[in-house]
Amino acid sequence: MTSFTKLFSPFKIGSLDIKNRMVMSPMETHLCDKEGYVTDEIIAYYKERALGGVGYITVENTSVDPVGRVNDGMLCIHDDKFIPGFKKLTDSIHAVGGKIVLQLSHAGKEALPYFTGTKTVSASAIPSPLTKEMPAELSVEEIKTTVNKFAESANRAVKAGFDGVEIHMAHGYLVNQFFSPESNVRTDDYGGDTVRRSRFAREIVEGIRNRVPKDYPVICRISADEYTGTGLKLEESKEIAKRLEKAGASAIHVSACNYASAFFNIPCYYLEEGCFIHLAAGIKSVVKIPVLTVGRIINPAMAENILQENKADLIVLGRTLIADPHFPNKIKEGRLDDIRICLSCNRCIESISDKKLVCTVNPYIGKEDVSHLQKTSKPRKILVVGSGPAGLSAAHLLSSRGHNVTLWEKDSQLGGSFRYASMAPKKEPMRKFLDYLINQVKKTNTSIHLNKEATVESIKQFAADVVILAHGAKHVLVEINGSQKNNVLNVKNAFSSADSLGNNVAIVGGGPEGCELADYLASRGKKITLIEMRRVLGLELVAHPRYHVCERLKKMGAQLHINTKVTEIGHNYIVVSRRREADQKLEGFDNIVIPTLHQPNNAFAESIKGFVPEVYTVGDAVEGRTALEAIAEGAEIGMKI
Ligand SMILES: Cc1cc2nc3c(=O)[nH]c(=O)nc-3n(C[C@H](O)[C@H](O)[C@H](O)COP(=O)(O)OP(=O)(O)OC[C@H]3O[C@@H](n4cnc5c(N)ncnc54)[C@H](O)[C@@H]3O)c2cc1C
Ligand SMILES: Cc1cc2nc3c(=O)[nH]c(=O)nc-3n(C[C@H](O)[C@H](O)[C@H](O)COP(=O)(O)O)c2cc1C
Ligand code: SF4
């Protein structure tokens, strides 16, 4: 077993003493109020992470200028009126022995004008790759004003009790827009060669240095590689890092990408773990100040190795700490099996486009105050039907809280539909998470029964005080002309019997399940034809995995048809119809897979209500959705009863 000696060795950035080498990455939560003030919710969220043992917390990007505020989910520090709220936050973190740094940010052309109500600004008038909005080029005078806004905000951070500041110079935000040859074509002192393009950043660091105590940590977060054709590359970023060091930066936090390469910035499960470590190592080779590395570091052994191999000085954990705030303490206590691992599914980042942060595996975001287990004073006899994510989540909490829980699963294995979620290539995190969930339930006193199908009669005989129906959706095969009489498969059967399928497979329905099945079969050498009637493949998938699975399918040569409806299925053919085109017959298939509808499954609930005092239905049984809702609803009932 790995010993985590380096990971738990203390470290220092300027005046900031850090108890271990783990740092929480800045991540927007949208838990502030609409004006950008700190709320009790946000305090509870960060306090939970401090209690979890991380070396220091970096609070999410906080706006130094209303013009650079992306949307109304972003914290603000552009005025003294925000200081008291932040003071309450830093006091709460310090009270539990934590350390806390604030990320200062200006989004430049990536702010949303419909929200700010003003034109966006940037180094040059080059549109945002995301919004396509054309920004105004900042004048030299406006540049000086913006530098001052960063410095004033840093001064406020000191007054609010922060232990340091991090300047957001990465991810295509304003400072990055100045660094990048892609977005900076100025011909004055702020554009041109590397020295001129980094002048804005240097002035910000120097401006901040003049407004904060000596040795106060001023950390610079950069995108060392923008992962775009003409953007920053590591070699140029090394020069930038050296200049930042000279200007007075205390550490360099090495991230990657901009808005044009956003599908790589928060690496989902299709990208390798630790995919940006080489960038940190590159920067570390040219500076003397500490270097921080980030990017899908979910494995404690990998974190220790990075430090042992001297590729970075500090390990930055983003989603790992959204998923499990107690990741650091669990490693320290040797409880690796108890870590609720991040799936790298990116539901979190998608959620904050219009609402508060959510996480597939952690149902307690924004509810940190109530998440601590409270034992029941009235233990009850509870039957949970179904062992998918919803049933496991409910059974674990109810049992841990002292209820007498029995779990019935009609299948021979635990896990429900989520077992299929881990079968497609690159989706191993789903398997690991399911193992974690099962393991957590097995550690409780839950009485688990496999091959046990709940019926109205067996539920009656069991005589529970409470029944939780977590028996999943009603799966109904989509009816297509000919599908009844010909040899068709559903998605789950196709996953389970992949090896016995022929070489040429048609998959009708390019939703999430169809795309992942196509990936699974194509990776096994099958020739795939995937037909989707909507205009996008994998529509319900999170944007990042959707992009990558589609790229994979294209690379493997799968025949992808969108805007195409299957109107007939024959023994080895399908007939497809497209608007304004004659119907076409696609032939030669060994197998044809057709989609399943996931419908609400409430018949059971109605039949048992008469004799069970309390009945709850959770997860896909309510409505076919995803593991996120299943886990959240299981947990809600688990905390409530
Ligand atoms: C191929 C595929 C990929 C997916 N990928 C993802 C993903 O990446 N991310 C994500 O969030 N979601 C994904 N999902 C969806 C996710 O698996 C479901 O939303 C989730 O499993 C629903 O959980 P649940 O507990 O409500 O129901 P289920 O997981 O369906 O579990 C219900 C359980 O109840 C059992 N049961 C049914 N009737 C009875 C009975 N009478 N008695 C006893 N037991 C019974 C069933 O056997 C089953 O084990 C995927 C689904 C599939 C099929
Ligand atoms: C929900 C969410 C919000 C984020 N917000 C910010 C932010 O405010 N500032 C920032 O620099 N990076 C932000 N990021 C990027 C993360 O800091 C981090 O670089 C990224 O998630 C990769 O690290 P990880 O693999 O450890 O999660 C955000 C990421 C997520 C998932
Ligand atoms: S939503 Fe997914 S990617 Fe984000 S923290 Fe949770 S498990 Fe990780």
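**View 1. Where domain 2 meets domain 3.** Eight residues of domain 2 touch eight residues of domain 3, where contact means heavy atoms within 4.5 Å. The C-alpha centres of these two domains lie 31 Å apart. The protein chain is split into domain 1 (11–319), domain 2 (381–473 + 600–640) and domain 3 (477–597), with bounds that come from an automatic or database domain assignment.

A quick note before the other views: this is a predicted model, so local features need pLDDT of at least 70 and side-chain atom pairs count only at pLDDT 80 or more, while totals for chains, interfaces and linings use all residues. Residues are numbered from 1 along each chain as its sequence is written, chains are lettered from A and ligands numbered from 1 in the order in which they are written, and side-chain values use heavy atoms, with hydrogens and water left out.

**View 2. Ligand 3 and its shell.** Ligand 3 sits in the largest cavity. A cavity here is a set of points, on a 1 Å grid over the protein atoms alone, where a 1.4 Å probe fits but cannot get out; to sit in one, a molecule needs more than half of its atoms within 2 Å of its grid points. Residues around the ligand, meaning those with a heavy atom within 4 Å of it, include Arg319, Ile322, Cys342, Cys345, Arg347, Cys348 and Cys359. α12 (319–323) and α14 (347–351) each give at least two residues to this shell; helices (H or I, at least four residues) and strands (E, at least two) are DSSP runs, numbered from the N terminus. By type, the shell holds seven nonpolar, three polar and two charged residues. Here Ala, Val, Leu, Ile, Met, Phe, Trp, Tyr, Cys and Pro count as nonpolar, Asp, Glu, Lys and Arg as charged, and the others, Gly among them, as polar.

View 3. Met169 is part of strand β9 (residues 164–169). With a relative accessible area of 0%, Met169 is buried; that word means under 20% relative accessible area, while exposed means over 50% and partly exposed falls in between (1.4 Å probe, protein chains only).

**View 4. Ser399 in helix α15.** Look for Ser399 in helix α15 (residues 389–400). Ser399 is buried, at 9% relative accessible area. Not counting residues up to four places away in sequence, Ser399 touches Val405, Thr444, Asn445 and Thr446.

**View 5. Two loop residues with positive phi.** Lys426 is not a glycine, yet has a positive phi of about 75 degrees. Lys426 sits in the loop between α16 (418–421) and α17 (428–442) and is partly exposed, at 27%. Arg580 also has a positive phi, near 60 degrees. Its loop runs between β24 (573–577) and β25 (584–587), and Arg580 is exposed, at 77%.

**View 6. Lys34 in its loop.** Lys34 lies in the loop between β3 (22–24) and α1 (40–51). At 58% relative accessibility, Lys34 is exposed. Beyond its neighbours within four places in sequence, Lys34 is in contact with Arg69 and Asp72.

Key: On a 1 Å grid over the protein atoms alone, a cavity is a set of points where a 1.4 Å probe fits but cannot get out, and a pocket is an open set with protein on both sides within 12 Å along at least five of seven lines; lining residues have an atom within 4 Å of a point.
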